[in-house]
Amino acid sequence: MRETKVNSVFYAKSYHPIQAGSIDGTDILPHDNAIYRAFLCFSAGLYDPLGDPKVIGDPFCTLFVGRLSHSTTENTLLKAMSKYGKVRNLRLVRDIVTGASRGYAFVEYGTEREMRRAYMDAHHSFIDDSEIIVDYNRQQLMPGWIPRRLGGGLGGRKESGQLRFGGRERPFRAPLQSVPFDELKRLGISPPPEGRYMSRFGVPSPPRRNQSSIDREEGSSHRRSSIDKEESRHRSRSAEREERYRNRSPRLKEEHSHRSSSVEREERHSKRSSRGKEEHSGKWHSEEKEGRHRKGNSVDRSGRSRENLLEREDHHYAKGSLDREKHKEKRNLGDMEETPQELFSEVEEYSNRSSRDRKEASHKGHKHDSRSDRHKRRRSTTQDSSFDR
């Protein structure tokens, strides 16, 4: 039983100064003045781990690097710790008065995975011929933490006489004697984990974030990445559209000018054609009106000429009939008085008058027929020319 407990160890999850000064974590009284001072600070709450203004960054991505050489600089440390991931922030602690290195530093990585990789691989590595130790940021992640300057801390060397247990370098050993559970409970010290000890060759795991916060961060990062991707795609598409528009703009201008010129030409042609049609239709209507007017005048003239001829013929006929009646009356009245010579002379006069009247009537009718024929010919020629137009 004792042989199995020799190589069994356990690590402190919360800090208590009296327990940190015990090799197996079961002491109930401080055994030196530094532990007593740290216990007073712990019980009175004089130290605020979050009150240091120099402490920046994410504690879950920050490592503590100790036992550095005093000749190590920020550039050397950065070069050495960049092997395990991208270093976001590095702070080498120096003396306020002299500015010399205090032998420890805090290194913040970009992700928690990179921090864990350095936590596993950089422990007991060499920088400037000095073996370093690496631990997680207990100042912000370990409850009840008291730093070394106030009598607390972890680790230490035997030469100093102030060894502190419970950390990665010096874990608690499994107790070989009975554990005073009542006294430990009264002081607020967590008892050793019976039956859940670890091997001294094992590596304790640093504290993790709450799963909800991890999910939230992952979801927010995923959303941000998706938003960034969409924005980059939108920008690239907008740039491509602008380039295409710039390339197409001279072509579009030429096409637009060509289309506008063709449209203007078509409008001008349509206007001209409409004007020509209107003029042609106006000429045609005017010619029709003139033809109709001429027809009406010719018809009126022909009608009037015919009426005049008829009137003249009636007049001559009436005149001849009156002359005949007069001649008959004279003949009847003076048939016995007139001589044969006088009768012969009267007959000749009547015959001469009748022949003259007939010649005049025939001549006037011939003239009228010739005039009507000429008018008909002119009318036919005007109609043919209007239809040809």
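**Notebook: strands, salt bridges and surface charge**

I began with Glu108, which is buried, with a relative accessible area of 5%; I take buried as under 20% relative accessible area, exposed as over 50% and partly exposed as in between, with a 1.4 Å probe and protein chains only. The model is a predicted one, in which local features need pLDDT of at least 70 and side-chain atom pairs count only at pLDDT 80 or more, while totals for chains, interfaces and linings use all residues. Residues are numbered from 1 along each chain as its sequence is written, and side-chain values use heavy atoms, with hydrogens and water left out.

**Entry 1, salt bridges.** I looked up the partner of Glu108 and found that its side chain meets that of Arg88 in a salt bridge, at 3.8 Å from N to O. This pair links distant parts of the chain, since Glu108 lies in strand β4 and Arg88 in strand β3 (residues 87-94), 20 residues apart. For a salt bridge I require a side-chain nitrogen of Lys or Arg within 4 Å of a carboxyl oxygen of Asp or Glu, and by this rule the count comes to nine. Helices (H or I, at least four residues) and strands (E, at least two) are DSSP runs, numbered from the N terminus. Whereas Glu108 is buried, Arg88 counts as exposed, at 56% relative accessibility.

I then turned to helix α5, where Glu112 and Arg116 are four residues apart and thus separated by about one helical turn. Their side chains meet in a salt bridge of 3.3 Å, N to O, and both residues are buried. I also noted that Glu112 and Arg116 belong to a network of salt bridges that links them with Asp58 and Arg209.

For another pair within a helix I went to α7 (residues 181-187), in which Glu183 and Arg186 are three residues apart, again about one helical turn. The side chains of Glu183 and Arg186 form a salt bridge at 2.8 Å, N to O. Glu183 is partly exposed, with a relative accessible area of 30%, and Arg186 is exposed at 59%.

I asked how many residues of strand β2 (residues 62-66) are buried. Four of the five are, so the strand is largely enclosed by the rest of the structure. Pairing here follows DSSP, with at least two bridges needed between two strands. By that criterion β2 runs antiparallel to strand β4 (residues 101-109), joined by four bridges, and Val65 stands opposite Ala105 in β4. β2 also pairs with strand β5 (residues 133-136), in the antiparallel sense and over four bridges. On that side Leu63 stands opposite Tyr136, and the bridge partner of Val65 is Val134.

In a regular strand the side chains alternate between the two faces of the sheet. I checked this for β5, where Ile133 and Asp135 point one way and Val134 and Tyr136 the other way, and all are buried.

**Entry 3, an open sheet.** I next followed an open sheet of three strands, whose order is β6-β1-β7 with antiparallel pairing. The edges are β6 (172-173) and β7 (198-199), each with a single partner strand, so one side of each is left without a neighbour in the sheet. Strand β1 (residues 8-10) is joined to β7 by two bridges, and Val9 stands opposite Met198 in β7.

Arg67, in the loop between β2 and α4 (74-81), has a phi near 60° and counts as partly exposed, at 29% relative accessibility. His124, in the loop between α5 (112-121) and β5, has a phi near 65° and is likewise partly exposed, at 33%.

Which residues gather in a patch of positive charge on the surface? I list Lys229, Arg233, Arg237, Arg241 and Arg244. A charge patch is made of residues with over 30% relative accessible area and no salt bridge, like charges being joined within 9 Å. I looked up Arg241 from this group and placed it in helix α8 (residues 211-333), where Arg241 is exposed, with a relative accessible area of 58%.

Technical notes: Patches are made of residues with over 30% relative accessible area and no salt bridge: like charges are joined within 9 Å, nonpolar side chains (Val, Leu, Ile, Met, Phe, Trp, Tyr) within 5 Å. Accessible areas come from the Shrake-Rupley method with a 1.4 Å probe; for residues, only the protein chains shown count as cover. Lys and Arg count as positive and Asp and Glu as negative; His and the chain ends are not counted. The place of a charge is taken as NZ of Lys, CZ of Arg, CG of Asp or CD of Glu.
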